[in-house]
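Please find below a short note on the model under review. It takes up the ion pairs and then a helix packing.

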Amino acid sequence: MKMKQMLRMTMFAAGMALAGAWGVVHAQEVPMVTGEHWTTSSEAAKKAYLVGLANLAQVETAYYAANPPSDAQNFVPRLVRGLKGHTLDSVRQGLDSWYAANPGRLQRPVLETIWFEMAVPGLKK
């Protein structure tokens, strides 16, 4: 119970910080990370992006542990299942390989590439 309360308080604080920052930037749109960003980023930046996605999935999974949403309500449980067996490095290498093999598709968002090229095939296993 204490863990869930602490998680809620942390998420609330993070949300308030984000709301404050959002107000400062006057609700500018957060840029979608695409293959153009990916292919010009350092290895450290790529890993930071993937760590952020992994942390988001872990926080959401922990938050809904007692009452997880259905697959129709949330894609995170499917994303986690589809990426089972992958590591940060294997996802990074997979993205590097996919964008190298598809240089004409650098406008494709990285999250879309992770979903359709790694998670969806992983769900079929």
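**Salt bridges and a helix crossing**

1. Asp89 and Arg92 both belong to helix H5, where they stand three residues apart, about one turn of the helix. The model is a predicted one, and the pair should be read with that in mind. A salt bridge links Asp89 with Arg92, and their closest N and O atoms are 3.5 Å apart. The two partners fall into separate accessibility classes: Asp89 is partly exposed, with a relative accessible area of 38%, whereas Arg92, at 15%, counts as buried.

2. This pair belongs to a wider arrangement. Salt bridges with shared partners join Glu43, Lys46, Asp89, Arg92 and Asp96 into one network. Over the whole structure, the search finds eight salt bridges.

3. Which residues pair with Lys46 in salt bridges? One partner is Glu43, with the closest N and O atoms 3.6 Å apart. Both residues lie in helix H3, three residues apart, about one turn of the helix. The other partner named here is Asp96, for which the closest N and O atoms are 2.8 Å apart.

4. Is Lys46 buried or exposed? Its relative accessible area is 6%, and because the cut-off for buried is under 20%, Lys46 is classed as buried. Glu43 is partly exposed, at 43% relative accessibility, and Asp96 is likewise partly exposed, with a relative accessible area of 24%. In general terms, side chains of opposite charge can pair when their charged atoms come close.

5. The second topic is a packing of helices. How do the axes of H3 and H6 cross? The axes of helix H3 (residues 43-63) and helix H6 (residues 110-123) come within 12 Å and cross at roughly 65°. Since angles from 65 to 115 degrees count as roughly perpendicular, the two helices are described as roughly perpendicular to each other. The crossing of H3 and H6 is right-handed.

6. On the H3 side, the contact is made by Tyr49, Leu50 and Leu53, and on the H6 side by Val110, Leu111 and Ile114. The residues of this contact divide into six nonpolar, no polar and no charged.

Key
Residues numbered from 1 in each chain as written. Predicted model: local features only at pLDDT ≥ 70, side-chain atom pairs only at ≥ 80, totals over all residues. Heavy atoms only, no water. Axes fitted to C-alpha atoms, helices over the stretch in contact; angles between N-to-C directions. Helix = DSSP H or I, 4+ residues; strand = E, 2+ residues; numbered from the N terminus. Parallel < 35°, antiparallel > 145°, perpendicular 65-115°, else oblique. Left-handed = near helix turned anticlockwise from the far one by under 90°. Contact = heavy atoms within 4.5 Å. Nonpolar A, V, L, I, M, F, W, Y, C, P; charged D, E, K, R; others polar. Salt bridge = Lys/Arg side-chain N within 4 Å of Asp/Glu carboxyl O. Buried < 20%, exposed > 50% of the residue type's maximum accessible area, 1.4 Å probe, protein only.
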